[in-house]
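Let's walk through this protein together, one piece at a time.

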Amino acid sequence: MWSGRSGNTFKKTYKWNKPALFTWLRLEFDSKVSYNDLTLTLNGKLCQNTRLFSVDDKTLDVACDDHVLMTILEIGGLKHLINSLHLSGGRNFALFQTSYQSSTMNAYGSQFAVDGIVLNYCQNVGCSHTDLLHTSPTWTVFFDQQYNINKCVLYSVHEETKKLNGFVLEMLGINNATLYRYQDDSNSSEYYYPVLIKEGGYFAARVSRQQTISQQSAAFLVLNEFEAYGDCVPGFWGLTCREKCPTSCSLSCHPEHGKCNEICVGYTDPPNCSIECDRTHFGLHCKTNCSSQCSQTGCDSKTGRCKAIKVTFAKCVSIKSYLFKRHF
């Protein structure tokens with residue numbers, strides 16, 4: 001982590017050794033929050049459609065449209081020290097859900113892949129495992145309701161890593177229709193397979209493997225653990241995702257506490273934040289007057305800085321060109 005200062009504000013940069021999924025984050029400051037210049041940059045790309053949720057005077061939740069696996073997070077426009085940062089990658093909705101596999105070897109039932117326990121080795125129990133002679137095995141987890149899934153993680157075991165090579169992950173909708181499909185094409189054997197999912201409402205997830213000519217053994221399927229991360233589908237919030245959003249933000253409330261986006265920096269109309277400030281106002285809900293120094297140009301709707309004067313140049317026609325056209 002490192003910091004840099006620019007004028008009255010500063011920025012902080014956080015780095016992760018492994019990619020971390022961003023869905024939203026919570027910032028706790030040492031004093032009352034100022035919102036005007038706050039920006040988020042994920043892997044060098046500015047966060048799009050930033051939404052701010054005030055938890056209390058010193059705590060702010062920040063969300064945007066970019067759900068990415070990031071290694072670098074930059075928070076700019078800071079005016080207060082950050083006491084703590086909580087990065088949410090969603091909740092694991094596969095945990096303890098109903099599961100099924102097309103066949104079972106010994107006591108290695110399908111439920112062991114959603115028991116919340118990741119093991120280095122599977123001995124007797126602890127992992128799901130299809131029959132050794134099953135050449136087209138599948139494993140499926142059924143969510144108790146529709147969830148907005150954006151990332152899945154598959155764990156193999158150290159002595160059995162090749163048993164996930166070439167897997168197929170399908171995200172299922174109503175009537176088990178495939179809405180998203182991912183094919184693993186890695187040549188190396190892995191222990192940990194993170195898969196970024198096209199965000200959408202899903203009811204189930206299915207993992208499968210197919211035996212190919214190049215495989216020396218049957219394509220049985222071993223899963224140490226399966227995790228499906230996400231949030232409530234739009235319109236709902238809470239631990240069970242059964243609480244309805246307020247009518248004022250019926251499809252966009254915060255998935256954890258259900259609040260609407262009540263903070264519009266540079267706009268006048270929360271929670272939509274679609275009507276920009278006029279040229280003489282800026283900041284939170286456009287309640288701050290621009291400086292008198294900006295009377296000719298107006299000011300930036302978010303920062304209040306005077307806009308640059310636009311200089312236009314008339315098109316000049318040279319005398320030589322004019323005379324040339326007159327005579328020829």
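This is a predicted model: local features need pLDDT of at least 70, side-chain atom pairs count only at pLDDT 80 or more; totals for chains, interfaces and linings use all residues.

Start with an open sheet of four strands, ordered 6-7-3-9 with antiparallel pairing. Strands here are DSSP runs of E with at least two residues, and helices are runs of H or I with at least four, all numbered from the N terminus. Two strands pair if DSSP finds at least two bridges between them. Strand 6 (51-56) and strand 9 (82-88) are the edge strands, each pairing on one side only. On average, neighbouring strands of this sheet are turned by 20 degrees against each other, direction ignored; for such angles, axes are lines fitted to C-alpha atoms (for helices, over the stretch in contact), and the values run from 0 to 180 degrees between N-to-C directions. What holds a sheet together in general? Its strands pair through backbone hydrogen bonds, either parallel or antiparallel.

How many bridges join strand 3 to strand 9? Six, with the two strands running antiparallel.

Residues are numbered from 1 along each chain as its sequence is written, and side-chain values use heavy atoms, with hydrogens and water left out.

Now for the charged side chains. A salt bridge is a side-chain nitrogen of Lys or Arg within 4 Å of a carboxyl oxygen of Asp or Glu, and a search of the whole structure turns up four of them. Take D61 and R26, whose closest N and O atoms are 2.7 Å apart. This pair links distant parts of the chain, with D61 in strand 7 (residues 59-63) and R26 in strand 3 (residues 24-29), 35 residues apart. Are these two buried or exposed? Buried means under 20% relative accessible area, exposed means over 50%, and partly exposed is in between (1.4 Å probe, protein chains only). D61 comes in at 0%, so D61 is buried, and R26 is buried too, at 18%. There's also a network here: salt bridges link R26, D61 and E256.

Compare that with K11 and E74, a salt bridge whose closest N and O atoms are 3.7 Å apart. K11 sits in strand 2 (residues 9-21) and E74 in strand 8 (residues 69-78), 63 residues apart. K11 counts as partly exposed because its relative accessibility is 29%, and E74 is partly exposed because its value is 24%.

One more salt bridge joins E170 to R206, at 3.1 Å between the closest N and O atoms. E170 is in strand 14 (residues 168-172) and R206 in strand 16 (residues 192-208), so this pair ties together parts 36 residues apart in sequence. E170 is buried because its relative accessible area is 12%.

Next, look for the greasy parts. A nonpolar core is a set of buried Ala, Val, Leu, Ile, Met, Phe, Trp, Tyr and Cys residues joined through side-chain atoms within 4.5 Å. The largest one has 28 residues, and L169 and F226 have the most contacts inside it. Strand 13 (138-155), strand 14, strand 16 and strand 18 (225-231) each give two or more residues to this core, with strand 13 giving the most, at seven. A second, separate core of 23 residues includes F22, L27, L73 and I75.

Finally, the rings. Rings of Phe, Tyr and Trp (its six-membered ring) pair if their centres lie within 6.5 Å; planes under 30 degrees apart count as stacked, over 60 as edge-to-face and the rest as tilted. That rule gives seven aromatic pairs. One of them, W139 with F226, is tilted, at 5.2 Å centre to centre and 50 degrees between the planes. Since W139 lies in strand 13 and F226 in strand 18, the pair ties together parts 87 residues apart in sequence. Both W139 and F226 are buried. F167 and Y193 make an edge-to-face pair, at 5.2 Å centre to centre and 85 degrees between the planes, and both are buried. To finish, find F93, F143 and Y147, which ring pairs link into a cluster.
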